[in-house]
Amino acid sequence: MIGLYLPGRSLVHRMSAGAKLASLAVALILLVLLDHPWQMGVAALVAAGLYVLARVPWRAALGQLRPLLWILIIVAGLQLLFADWQKAVMVTGVMLISAALAGLLTLTTPVPAILDLCQRMLRPLQRFGVNPDRVGLAMALTIRCIPLMAGIVKDVTEARKARGVTGWRGSIIALAAPAVVRALRAADALGEALIARGADD
Amino acid sequence: MSVIRFDGVSHRYGERRVLEGIQLELTEHRIGIVGANGSGKSTLARMINGLVEPTAGTVTVDELDVRRQGKEVRRRVGFIFTDPDNQIVMPTVGEDVAFTLRRSGLTKEQIAARVEETLARFGLAGHAEHPAHLLSGGQKQLLALAAVMVAEPSVLVADEPTTLLDARNSRMVAGLLSNLGQQVVVVTHDLALLTEFDRVIVIEDGLVAADDTPAAAIAFYRALLG
(Lines give C-alpha, C1' and ligand atoms only; values in the text may rest on other atoms or scores of the structure.)
Protein backbone atom coordinates (compact mmCIF):
# COMPACT_ATOMS: atom_id res chain seq x y z
CA MET A 1 0.00 0.00 0.00
CA ILE A 2 3.02 2.27 0.30
CA GLY A 3 2.69 4.26 -2.85
CA LEU A 4 1.35 1.30 -4.83
CA TYR A 5 -1.66 3.21 -6.05
CA LEU A 6 -1.55 3.85 -9.77
CA PRO A 7 -3.78 6.78 -10.71
CA GLY A 8 -6.16 6.19 -13.59
CA ARG A 9 -9.65 6.76 -14.95
CA SER A 10 -10.60 3.19 -15.84
CA LEU A 11 -13.88 1.59 -14.82
CA VAL A 12 -12.06 -0.27 -12.03
CA HIS A 13 -10.52 2.98 -10.76
CA ARG A 14 -13.90 4.71 -10.79
CA MET A 15 -15.62 2.00 -8.73
CA SER A 16 -16.04 2.97 -5.08
CA ALA A 17 -13.69 1.38 -2.54
CA GLY A 18 -16.71 -0.25 -0.86
CA ALA A 19 -17.90 -1.85 -4.11
CA LYS A 20 -14.39 -3.10 -4.84
CA LEU A 21 -13.96 -4.56 -1.36
CA ALA A 22 -17.38 -6.26 -1.52
CA SER A 23 -16.56 -7.64 -4.99
CA LEU A 24 -13.23 -8.91 -3.69
CA ALA A 25 -14.98 -10.70 -0.81
CA VAL A 26 -17.47 -12.35 -3.19
CA ALA A 27 -14.70 -13.33 -5.60
CA LEU A 28 -12.67 -14.95 -2.81
CA ILE A 29 -15.69 -17.00 -1.67
CA LEU A 30 -16.37 -18.11 -5.26
CA LEU A 31 -12.71 -19.04 -5.72
CA VAL A 32 -12.68 -21.48 -2.82
CA LEU A 33 -15.89 -23.06 -4.14
CA LEU A 34 -14.32 -23.97 -7.51
CA ASP A 35 -13.45 -27.63 -7.92
CA HIS A 36 -12.08 -28.15 -11.43
CA PRO A 37 -8.75 -26.88 -12.85
CA TRP A 38 -10.53 -25.54 -15.97
CA GLN A 39 -12.69 -23.36 -13.71
CA MET A 40 -9.53 -22.05 -12.11
CA GLY A 41 -8.24 -21.26 -15.61
CA VAL A 42 -11.38 -19.23 -16.34
CA ALA A 43 -10.98 -17.40 -13.00
CA ALA A 44 -7.35 -16.59 -13.89
CA LEU A 45 -8.47 -15.20 -17.26
CA VAL A 46 -11.11 -13.05 -15.54
CA ALA A 47 -8.50 -11.70 -13.10
CA ALA A 48 -6.11 -10.97 -15.99
CA GLY A 49 -8.99 -9.30 -17.84
CA LEU A 50 -9.62 -7.02 -14.86
CA TYR A 51 -5.96 -5.94 -14.90
CA VAL A 52 -6.30 -5.16 -18.61
CA LEU A 53 -9.53 -3.26 -17.94
CA ALA A 54 -7.77 -1.26 -15.20
CA ARG A 55 -4.89 -0.57 -17.61
CA VAL A 56 -2.30 -1.69 -15.05
CA PRO A 57 1.17 -2.03 -16.62
CA TRP A 58 2.32 -5.66 -16.65
CA ARG A 59 5.39 -4.85 -14.56
CA ALA A 60 3.21 -3.45 -11.76
CA ALA A 61 0.90 -6.46 -12.04
CA LEU A 62 3.78 -8.92 -11.75
CA GLY A 63 5.19 -6.87 -8.89
CA GLN A 64 2.06 -7.76 -6.90
CA LEU A 65 2.73 -11.47 -7.31
CA ARG A 66 6.51 -11.62 -7.06
CA PRO A 67 6.60 -11.83 -3.22
CA LEU A 68 4.38 -14.92 -3.43
CA LEU A 69 6.57 -16.79 -5.90
CA TRP A 70 8.57 -18.92 -3.44
CA ILE A 71 5.52 -19.75 -1.35
CA LEU A 72 3.65 -20.85 -4.51
CA ILE A 73 6.56 -23.04 -5.61
CA ILE A 74 6.77 -24.70 -2.19
CA VAL A 75 2.99 -25.21 -1.94
CA ALA A 76 2.79 -26.58 -5.49
CA GLY A 77 5.70 -28.94 -4.79
CA LEU A 78 4.06 -30.25 -1.60
CA GLN A 79 0.74 -30.77 -3.37
CA LEU A 80 2.43 -32.64 -6.23
CA LEU A 81 4.28 -34.77 -3.67
CA PHE A 82 1.36 -35.62 -1.42
CA ALA A 83 -1.68 -35.19 -3.72
CA ASP A 84 -1.93 -34.72 -7.49
CA TRP A 85 -1.44 -32.02 -10.14
CA GLN A 86 -5.15 -31.06 -10.07
CA LYS A 87 -4.92 -30.29 -6.34
CA ALA A 88 -1.68 -28.35 -6.93
CA VAL A 89 -3.41 -26.22 -9.58
CA MET A 90 -6.44 -25.59 -7.35
CA VAL A 91 -4.49 -24.62 -4.21
CA THR A 92 -1.89 -22.43 -5.92
CA GLY A 93 -4.59 -21.00 -8.21
CA VAL A 94 -6.66 -19.81 -5.25
CA MET A 95 -3.60 -18.21 -3.65
CA LEU A 96 -2.37 -16.58 -6.87
CA ILE A 97 -5.73 -15.20 -8.00
CA SER A 98 -6.66 -14.00 -4.49
CA ALA A 99 -3.37 -12.09 -4.24
CA ALA A 100 -3.85 -10.69 -7.74
CA LEU A 101 -7.36 -9.45 -6.99
CA ALA A 102 -6.33 -7.96 -3.62
CA GLY A 103 -3.38 -6.33 -5.39
CA LEU A 104 -5.74 -4.85 -7.98
CA LEU A 105 -7.70 -3.24 -5.14
CA THR A 106 -4.59 -1.48 -3.77
CA LEU A 107 -3.34 -0.55 -7.25
CA THR A 108 -6.60 1.16 -8.18
CA THR A 109 -7.73 2.62 -4.85
CA PRO A 110 -6.03 5.55 -3.07
CA VAL A 111 -5.07 4.90 0.56
CA PRO A 112 -7.43 7.60 1.94
CA ALA A 113 -10.38 5.89 0.19
CA ILE A 114 -9.47 2.58 1.85
CA LEU A 115 -9.04 4.31 5.21
CA ASP A 116 -12.37 6.15 4.80
CA LEU A 117 -14.02 2.83 4.07
CA CYS A 118 -12.47 1.20 7.16
CA GLN A 119 -13.59 4.16 9.25
CA ARG A 120 -17.15 3.89 7.90
CA MET A 121 -17.17 0.15 8.61
CA LEU A 122 -16.05 0.83 12.17
CA ARG A 123 -18.75 3.46 12.86
CA PRO A 124 -21.20 0.91 14.35
CA LEU A 125 -18.54 0.05 16.93
CA GLN A 126 -18.53 3.63 18.25
CA ARG A 127 -21.15 2.64 20.85
CA PHE A 128 -18.60 0.17 22.25
CA GLY A 129 -16.00 2.91 22.66
CA VAL A 130 -14.14 2.43 19.36
CA ASN A 131 -13.01 5.73 17.80
CA PRO A 132 -13.01 5.16 14.00
CA ASP A 133 -11.01 8.35 13.32
CA ARG A 134 -8.24 7.20 15.63
CA VAL A 135 -8.23 3.71 14.14
CA GLY A 136 -8.02 5.27 10.65
CA LEU A 137 -5.15 7.51 11.73
CA ALA A 138 -3.37 4.56 13.35
CA MET A 139 -3.70 2.58 10.11
CA ALA A 140 -2.36 5.49 8.04
CA LEU A 141 0.56 5.91 10.45
CA THR A 142 1.32 2.19 10.31
CA ILE A 143 1.58 2.38 6.52
CA ARG A 144 3.66 5.56 6.75
CA CYS A 145 6.03 4.09 9.36
CA ILE A 146 7.10 1.10 7.24
CA PRO A 147 9.45 3.15 5.01
CA LEU A 148 10.46 5.25 8.04
CA MET A 149 11.55 2.11 9.93
CA ALA A 150 13.22 0.68 6.83
CA GLY A 151 15.20 3.92 6.53
CA ILE A 152 16.30 3.72 10.18
CA VAL A 153 17.47 0.09 9.84
CA LYS A 154 19.30 0.99 6.59
CA ASP A 155 21.07 3.93 8.29
CA VAL A 156 22.13 1.77 11.26
CA THR A 157 23.32 -1.03 8.95
CA GLU A 158 25.37 1.47 6.91
CA ALA A 159 26.85 2.95 10.09
CA ARG A 160 27.91 -0.58 11.13
CA LYS A 161 29.42 -1.23 7.70
CA ALA A 162 31.30 2.09 7.84
CA ARG A 163 32.88 0.86 11.08
CA GLY A 164 33.82 -2.46 9.53
CA VAL A 165 31.01 -4.63 10.92
CA THR A 166 29.18 -6.67 8.29
CA GLY A 167 26.64 -9.49 8.32
CA TRP A 168 25.71 -10.82 11.74
CA ARG A 169 29.21 -10.33 13.12
CA GLY A 170 29.35 -8.46 16.40
CA SER A 171 25.88 -8.98 17.73
CA ILE A 172 22.27 -8.67 16.71
CA ILE A 173 21.95 -6.36 19.72
CA ALA A 174 24.47 -4.00 18.13
CA LEU A 175 22.02 -3.61 15.24
CA ALA A 176 18.77 -3.75 17.19
CA ALA A 177 19.68 -1.40 20.06
CA PRO A 178 20.45 1.74 17.99
CA ALA A 179 17.57 0.94 15.62
CA VAL A 180 15.10 0.67 18.51
CA VAL A 181 16.43 3.84 20.15
CA ARG A 182 16.10 5.76 16.88
CA ALA A 183 12.64 4.29 16.27
CA LEU A 184 11.50 5.44 19.71
CA ARG A 185 12.91 8.92 19.04
CA ALA A 186 11.14 9.00 15.67
CA ALA A 187 7.88 7.89 17.33
CA ASP A 188 8.28 10.68 19.88
CA ALA A 189 8.90 13.24 17.14
CA LEU A 190 5.97 11.93 15.09
CA GLY A 191 3.71 12.26 18.13
CA GLU A 192 4.89 15.84 18.62
CA ALA A 193 4.22 16.59 14.93
CA LEU A 194 0.72 15.13 15.22
CA ILE A 195 -0.01 17.41 18.17
CA ALA A 196 1.41 20.40 16.25
CA ARG A 197 -0.85 19.53 13.30
CA GLY A 198 -3.89 19.39 15.54
CA ALA A 199 -4.45 15.64 15.16
CA ASP A 200 -5.51 15.29 18.78
CA ASP A 201 -7.68 18.43 18.96
CA MET B 1 0.37 40.43 12.46
CA SER B 2 -0.39 38.32 15.52
CA VAL B 3 0.85 39.31 18.95
CA ILE B 4 2.89 36.60 20.66
CA ARG B 5 3.55 37.41 24.30
CA PHE B 6 5.90 35.69 26.77
CA ASP B 7 5.16 36.97 30.24
CA GLY B 8 7.64 35.93 32.92
CA VAL B 9 8.12 32.55 31.23
CA SER B 10 10.38 29.94 32.78
CA HIS B 11 10.80 26.28 31.98
CA ARG B 12 12.58 23.50 33.80
CA TYR B 13 13.19 19.87 32.89
CA GLY B 14 13.47 18.41 36.40
CA GLU B 15 16.26 20.31 38.09
CA ARG B 16 17.64 21.71 34.84
CA ARG B 17 16.70 25.28 34.01
CA VAL B 18 15.98 25.72 30.31
CA LEU B 19 14.38 29.18 30.23
CA GLU B 20 14.22 31.80 32.97
CA GLY B 21 12.01 34.89 33.23
CA ILE B 22 11.46 35.43 29.51
CA GLN B 23 9.63 38.68 28.79
CA LEU B 24 8.95 39.20 25.09
CA GLU B 25 6.30 40.63 22.79
CA LEU B 26 6.63 39.52 19.18
CA THR B 27 4.65 41.57 16.66
CA GLU B 28 7.04 41.79 13.71
CA HIS B 29 6.61 39.98 10.41
CA ARG B 30 9.85 37.96 10.42
CA ILE B 31 11.58 37.11 13.67
CA GLY B 32 14.73 35.04 14.05
CA ILE B 33 15.86 33.19 17.16
CA VAL B 34 19.48 32.12 17.47
CA GLY B 35 21.51 30.49 20.20
CA ALA B 36 23.94 27.69 20.91
CA ASN B 37 22.77 24.07 21.20
CA GLY B 38 20.96 23.63 24.51
CA SER B 39 20.45 27.38 24.98
CA GLY B 40 16.66 26.97 25.18
CA LYS B 41 15.74 28.47 21.80
CA SER B 42 13.82 25.39 20.55
CA THR B 43 11.89 25.18 23.84
CA LEU B 44 10.98 28.85 23.42
CA ALA B 45 9.72 28.20 19.87
CA ARG B 46 7.76 25.10 20.90
CA MET B 47 5.92 27.15 23.52
CA ILE B 48 4.35 29.33 20.80
CA ASN B 49 2.48 26.29 19.48
CA GLY B 50 1.78 24.79 22.91
CA LEU B 51 4.05 21.79 22.31
CA VAL B 52 5.87 22.72 25.52
CA GLU B 53 4.09 24.41 28.40
CA PRO B 54 5.90 26.89 30.63
CA THR B 55 6.49 25.77 34.21
CA ALA B 56 6.02 29.43 35.23
CA GLY B 57 4.53 32.46 33.47
CA THR B 58 2.21 32.57 30.47
CA VAL B 59 2.55 32.45 26.70
CA THR B 60 -0.29 33.94 24.65
CA VAL B 61 -0.96 34.26 20.93
CA ASP B 62 -3.48 37.01 20.20
CA GLU B 63 -4.53 36.85 23.87
CA LEU B 64 -5.12 33.08 23.66
CA ASP B 65 -3.29 31.21 26.41
CA VAL B 66 -1.36 28.30 24.88
CA ARG B 67 -1.86 26.26 28.06
CA ARG B 68 -5.63 26.67 28.33
CA GLN B 69 -6.57 27.29 24.69
CA GLY B 70 -4.04 25.07 22.95
CA LYS B 71 -6.50 23.87 20.31
CA GLU B 72 -7.35 27.42 19.17
CA VAL B 73 -3.67 28.41 19.30
CA ARG B 74 -2.62 25.46 17.11
CA ARG B 75 -5.20 26.53 14.51
CA ARG B 76 -3.42 29.89 14.28
CA VAL B 77 0.16 28.70 14.69
CA GLY B 78 1.72 26.24 12.23
CA PHE B 79 4.95 24.50 13.15
CA ILE B 80 7.63 22.89 11.02
CA PHE B 81 10.38 20.71 12.46
CA THR B 82 14.04 20.14 11.62
CA ASP B 83 13.48 16.65 10.22
CA PRO B 84 10.51 16.61 7.84
CA ASP B 85 10.49 12.79 7.90
CA ASN B 86 9.03 13.01 11.38
CA GLN B 87 6.33 15.41 10.29
CA ILE B 88 4.96 13.51 7.30
CA VAL B 89 2.14 11.31 8.53
CA MET B 90 0.48 10.04 5.34
CA PRO B 91 1.91 7.75 2.63
CA THR B 92 1.63 10.10 -0.35
CA VAL B 93 2.33 13.81 -0.88
CA GLY B 94 -1.27 14.80 -1.66
CA GLU B 95 -2.70 12.74 1.20
CA ASP B 96 -0.31 14.35 3.68
CA VAL B 97 -1.36 17.87 2.71
CA ALA B 98 -5.04 16.82 2.72
CA PHE B 99 -4.59 15.37 6.23
CA THR B 100 -4.32 18.93 7.60
CA LEU B 101 -7.75 19.78 6.16
CA ARG B 102 -9.57 16.61 7.24
CA ARG B 103 -11.64 18.46 9.86
CA SER B 104 -11.91 21.74 8.00
CA GLY B 105 -15.52 21.17 6.94
CA LEU B 106 -14.52 21.51 3.27
CA THR B 107 -15.90 19.08 0.67
CA LYS B 108 -13.61 16.49 -0.93
CA GLU B 109 -13.53 18.57 -4.12
CA GLN B 110 -12.63 21.74 -2.21
CA ILE B 111 -9.90 19.89 -0.32
CA ALA B 112 -8.51 18.47 -3.58
CA ALA B 113 -8.45 21.95 -5.12
CA ARG B 114 -6.72 23.47 -2.06
CA VAL B 115 -4.15 20.64 -2.02
CA GLU B 116 -3.37 21.09 -5.71
CA GLU B 117 -3.04 24.84 -5.36
CA THR B 118 -0.78 24.54 -2.30
CA LEU B 119 1.46 21.90 -3.88
CA ALA B 120 1.91 24.17 -6.91
CA ARG B 121 2.75 27.11 -4.64
CA PHE B 122 5.49 25.11 -2.93
CA GLY B 123 7.01 23.64 -6.08
CA LEU B 124 5.44 20.20 -5.72
CA ALA B 125 2.94 20.34 -8.57
CA GLY B 126 2.50 16.90 -10.13
CA HIS B 127 3.77 15.12 -7.01
CA ALA B 128 0.39 14.54 -5.33
CA GLU B 129 0.38 10.78 -5.97
CA HIS B 130 4.11 10.42 -5.24
CA PRO B 131 5.13 8.36 -2.17
CA ALA B 132 6.24 10.93 0.40
CA HIS B 133 9.18 8.84 1.60
CA LEU B 134 10.72 8.87 -1.89
CA LEU B 135 11.03 12.67 -2.05
CA SER B 136 14.43 14.34 -1.71
CA GLY B 137 15.30 16.02 1.60
CA GLY B 138 14.50 19.46 0.19
CA GLN B 139 11.20 18.29 -1.28
CA LYS B 140 10.26 16.69 2.05
CA GLN B 141 10.80 20.02 3.81
CA LEU B 142 8.71 21.73 1.12
CA LEU B 143 6.00 19.13 1.74
CA ALA B 144 6.16 19.77 5.49
CA LEU B 145 5.80 23.48 4.76
CA ALA B 146 2.93 22.93 2.31
CA ALA B 147 1.13 20.64 4.78
CA VAL B 148 1.21 23.37 7.41
CA MET B 149 0.50 26.33 5.12
CA VAL B 150 -2.55 24.71 3.48
CA ALA B 151 -4.43 25.52 6.71
CA GLU B 152 -3.47 29.20 6.28
CA PRO B 153 -2.18 29.78 9.83
CA SER B 154 -1.51 33.37 10.86
CA VAL B 155 1.87 32.42 12.38
CA LEU B 156 4.49 29.93 11.21
CA VAL B 157 7.14 28.70 13.63
CA ALA B 158 10.06 26.80 12.10
CA ASP B 159 12.62 24.97 14.23
CA GLU B 160 15.91 24.78 12.30
CA PRO B 161 14.14 24.12 8.99
CA THR B 162 17.29 24.20 6.87
CA THR B 163 19.70 22.25 9.11
CA LEU B 164 19.39 18.95 7.21
CA LEU B 165 19.32 20.49 3.73
CA ASP B 166 22.08 21.08 1.19
CA ALA B 167 22.97 24.67 0.24
CA ARG B 168 20.59 24.84 -2.73
CA ASN B 169 17.56 23.41 -0.93
CA SER B 170 18.42 25.49 2.11
CA ARG B 171 18.33 28.68 0.00
CA MET B 172 15.03 27.60 -1.58
CA VAL B 173 13.33 26.93 1.78
CA ALA B 174 14.81 30.13 3.23
CA GLY B 175 13.46 32.10 0.25
CA LEU B 176 9.99 30.63 0.70
CA LEU B 177 9.98 31.39 4.43
CA SER B 178 11.12 34.97 3.83
CA ASN B 179 8.38 35.61 1.30
CA LEU B 180 5.44 34.28 3.28
CA GLY B 181 2.74 36.80 4.11
CA GLN B 182 2.28 35.23 7.54
CA GLN B 183 4.20 36.12 10.66
CA VAL B 184 7.27 33.85 10.69
CA VAL B 185 9.37 32.85 13.69
CA VAL B 186 12.48 30.90 12.68
CA VAL B 187 14.92 29.17 15.03
CA THR B 188 18.16 28.67 13.14
CA HIS B 189 21.94 28.39 13.12
CA ASP B 190 21.92 29.72 9.55
CA LEU B 191 22.66 33.38 10.23
CA ALA B 192 22.53 34.32 6.54
CA LEU B 193 18.84 33.39 6.57
CA LEU B 194 18.13 36.17 9.05
CA THR B 195 19.79 39.18 7.40
CA GLU B 196 16.52 40.40 5.85
CA PHE B 197 14.43 39.67 8.95
CA ASP B 198 12.82 42.37 11.08
CA ARG B 199 14.10 41.26 14.48
CA VAL B 200 16.57 38.74 15.86
CA ILE B 201 16.64 37.42 19.42
CA VAL B 202 19.72 35.74 20.89
CA ILE B 203 19.07 33.15 23.59
CA GLU B 204 21.97 32.22 25.84
CA ASP B 205 21.69 29.84 28.77
CA GLY B 206 17.91 30.23 29.02
CA LEU B 207 17.95 34.04 28.97
CA VAL B 208 17.42 36.68 26.29
CA ALA B 209 20.97 37.85 25.70
CA ALA B 210 20.18 40.23 22.83
CA ASP B 211 17.04 41.45 21.09
CA ASP B 212 17.78 43.77 18.20
CA THR B 213 17.96 44.33 14.47
CA PRO B 214 19.50 41.41 12.54
CA ALA B 215 22.83 43.22 12.01
CA ALA B 216 23.27 44.14 15.67
CA ALA B 217 21.96 40.84 17.10
CA ILE B 218 24.04 38.70 14.71
CA ALA B 219 27.17 40.76 15.51
CA PHE B 220 26.50 40.22 19.22
CA TYR B 221 25.98 36.49 18.67
CA ARG B 222 29.19 36.14 16.65
CA ALA B 223 31.08 37.90 19.43
CA LEU B 224 29.46 35.59 21.97
CA LEU B 225 30.60 32.55 20.00
CA GLY B 226 34.12 33.96 19.98
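At what angle do helix 3 (residues 93-100) of chain B and helix 4 (residues 108-121) of chain B pack? The answer is given below, after the two chains have been described.

The structure is a predicted model, in which local features need pLDDT of at least 70, side-chain atom pairs count only at pLDDT 80 or more, and totals for chains, interfaces and linings use all residues. Residues are numbered from 1 along each chain as its sequence is written, while chains are lettered from A and ligands numbered from 1 in the order in which they are written.

Chain A contains nine helices and zero strands, where helices (H or I, at least four residues) and strands (E, at least two) are DSSP runs numbered from the N terminus. The radius of gyration, taken over C-alpha atoms, is compared here with a globule rule of 2.2 Å times the number of residues to the power 0.38. For chain A the radius of gyration is 22 Å, well over the 17 Å that the rule gives for 201 residues, so chain A is more spread out than a compact globule. Its C-alpha atoms fill a box of roughly 55 × 50 × 35 Å along the principal axes. Of the 201 residues of chain A, 18% count as buried; a residue is buried if 20 or more other C-beta atoms lie within 10 Å of its own, exposed if 12 or fewer, and partly exposed in between, with C-beta atoms placed from the backbone.

Chain B comprises seven helices and 10 strands. Its radius of gyration is 17 Å, close to the 17 Å of the globule rule for 226 residues, so chain B is as compact as a globular protein of that length. The C-alpha trace of chain B spans about 50 × 40 × 30 Å along its principal axes, and 52% of the 226 residues of chain B are buried.

Two sheets were identified in the description of chain B, with strands taken as paired if DSSP finds at least two bridges between them. In one, four strands form an open sheet in the order 2-1-4-5, with antiparallel pairing. Strand 2 (16-26) and strand 5 (64-65) of chain B stand at the edges with a single partner strand each, so one side of each is left without a neighbour in the sheet. Strand 1 (residues 4-13) and strand 2 of chain B are joined in the antiparallel sense by eight bridges, and Arg5(B) stands opposite Glu25(B) in strand 2 of chain B. Helix 1 (residues 41-49) of chain B packs on this sheet, touching strand 1, strand 2 and strand 4 (56-61) of chain B, and its direction makes about 55 degrees with that of strand 2 of chain B.

The other is an open sheet of six strands in chain B, in the order 6-7-8-3-9-10, with mixed pairing. Strand 6 and strand 10 (207-212) of chain B stand at the edges, each with a single partner strand, so one side of each lacks a neighbour in the sheet. The twist averages 15 degrees from one strand to the next. Within this sheet, five of the five residues of strand 7 (residues 155-159) of chain B are buried, so this strand is largely enclosed by the rest of the structure. Val155(B), Val157(B) and Asp159(B) lie on one side of strand 7 of chain B, and Leu156(B) and Ala158(B) on the other. Strand 7 of chain B runs parallel to strand 6 (residues 77-80) of chain B, with four bridges, and Ile80(B) stands opposite Ala158(B). Strand 7 of chain B also runs parallel to strand 8 (residues 183-187) of chain B, through five bridges; here Val155(B) stands opposite Gln183(B). Four bridges join strand 8 of chain B to strand 3 (residues 30-35) of chain B, again in parallel.

Helix 3 and helix 4 of chain B pack at an angle of about 115 degrees, with their axes 9 Å apart. Axes are lines fitted to C-alpha atoms, for helices over the stretch in contact, and angles run from 0 to 180 degrees between N-to-C directions. The contact involves Val93(B), Gly94(B), Val97(B) and Ala98(B) of helix 3 of chain B, together with Ile111(B), Val115(B), Thr118(B) and Leu119(B) of helix 4 of chain B; two residues are in contact if their C-beta atoms, placed from the backbone, lie within 7 Å.

The contact between the chains takes 23 residues from chain B and 24 residues from chain A. Helix 2 (70-76) and helix 3 of chain B each supply at least two residues of the side of chain B that touches chain A.
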